[in-house]
Amino acid sequence: MEKKIVKDILFLSQVSQPASQEDLYLAKDLQDTLLENRETCVGLAANMIGVQKRVIIFNLGLVPVVMFNPVLLSFEGPYETEEGCLSLTGERPTTRYEMITVSYRDSKWKEQTITLTGFPAQICQHELDHLEGRII
Ligand SMILES: [Zn+2]
């Protein structure tokens with residue numbers, strides 16, 4: 001189900017808690033909300049729809065990827081860029097990495113490891129920051 005986007009900075013500044021299999025329903029809510037906001041949004045963290053659990057979604061090619069309990073394993077190739085966020089107005093400068101490797105559980109709770117580069121890597125880093133309560 002599509003959810004309202006949280007813009008409360010105090011709420012968004014809190015660190016999200018580990019997700020469990022009881023949180024698998026969030027995949028659908030995140031997919032629906034991302035789809036509904038697709039003109040302006042390429043990724044979401046669960047706290048943006050009001051749930052402080054470690055779950056993110058972002059566009060990877062044509063299909064969005066949902067990650068439960070994602071962990072950044074490695075990163076290389078720093079660069080400066082500017083980003084916007086559905087929960088904020090305007091764009092802000094930030095440092096991102098060209099290539100990252102992330103481990104996570106998928107929506108079937110299977111362990112996965114993926115290496116991302118370019119734009120998907122950037123969105124993933126933005127959403128990972130949300131889990132730590134960091135907003136660009
Ligand atoms: Zn954001």
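**Entry 1: salt bridges**

I began with Asp-129 and Arg-134, whose side chains meet in a salt bridge at 3.0 Å, N to O. My rule for a salt bridge is a side-chain nitrogen of Lys or Arg within 4 Å of a carboxyl oxygen of Asp or Glu. Before going on I noted that this is a predicted model, where local features need pLDDT of at least 70 and side-chain atom pairs count only at pLDDT 80 or more, while totals for chains, interfaces and linings use all residues. I also noted that residues are numbered from 1 along each chain as its sequence is written, and that side-chain values use heavy atoms, with hydrogens and water left out.

Arg-134 is partly exposed, at 47% relative accessibility. For these words I use under 20% relative accessible area for buried, over 50% for exposed and partly exposed in between, with a 1.4 Å probe and protein chains only. What does Arg-134 join through shared partners? Salt bridges that share partners put Glu-83, Arg-96, Asp-129 and Arg-134 into one network.

Next I looked at Asp-129 with Arg-96, a salt bridge with its closest N and O atoms 2.9 Å apart. This pair links distant parts of the chain, with Asp-129 in helix α3 and Arg-96 in strand β4 (residues 91-105), 33 residues apart. Helices (H or I, at least four residues) and strands (E, at least two) are DSSP runs, numbered from the N terminus. Is Asp-129 buried or exposed? Asp-129 counts as buried at 14% relative accessibility, and Arg-96 is buried with a relative accessible area of 3%.

I then checked Arg-54, which forms a salt bridge with Glu-132, the closest N and O atoms being 2.3 Å apart. These two also sit in distant parts of the chain, 78 residues apart: Arg-54 is in the loop between β1 (43-45) and β2 (55-60), and Glu-132 is in the segment after α3 (118-131). Arg-54 counts as buried at 15% relative accessibility, whereas Glu-132 is partly exposed at 31%. My tally by the rule came to seven salt bridges.

**Entry 2: the sheet**

I traced an open sheet of five strands in the order β1-β2-β3-β4-β5, with antiparallel pairing. The edges are β1 and β5 (111-117), each with a single partner strand, so one side of each has no neighbour in the sheet. Neighbouring strands here are turned by 35 degrees against each other on average, direction ignored. I count two strands as paired if DSSP finds at least two bridges between them. Axes are lines fitted to C-alpha atoms, for helices over the stretch in contact, and angles run from 0 to 180 degrees between N-to-C directions.

Leu-44 has Ile-57 in β2 as its bridge partner. Helix α2 (residues 26-36) packs on the sheet, touching β1, β2 and β3 (63-84), and its direction makes about 45 degrees with that of β2. Contact means heavy atoms within 4.5 Å. Which residues of α2 are buried? I noted Leu-26, Ala-27, Asp-29, Leu-30, Asp-32, Thr-33 and Leu-34, and what covers the buried residues of α2 includes β1, β2 and β3.

Ile-100 has Leu-116 in β5 as its bridge partner. The hairpin of β4 and β5 has five residues between the strands, and Trp-109 there takes a positive phi near 65 degrees.

**Entry 3: cysteines and zinc**

How many disulfides does the structure hold? I found zero, taking a disulfide as a pair of cysteine sulfur atoms within 2.5 Å. The sulfur of Cys-41 has its closest cysteine sulfur in Cys-85, and at 7.8 Å that is too far for a bond. For Cys-124 the closest is the sulfur of Cys-41, at 14 Å, also too far for a bond. Cys-41 is buried, with a relative accessible area of 4%, and Cys-124 is buried at 0%.

Which residues coordinate the zinc ion? I wrote down Cys-85 (SG), His-126 (NE2) and His-130 (NE2), at 2.0 to 2.2 Å. Donors are N, O and S atoms within 2.8 Å of the metal (3.2 Å for Na, K and Ca), and water is not among the atoms, so sites may look incomplete. Along the chain, the zinc donors follow the spacing C-x40-H-x3-H. His-126 and His-130 both lie in helix α3, four residues apart, about one turn of the helix, and both are buried.
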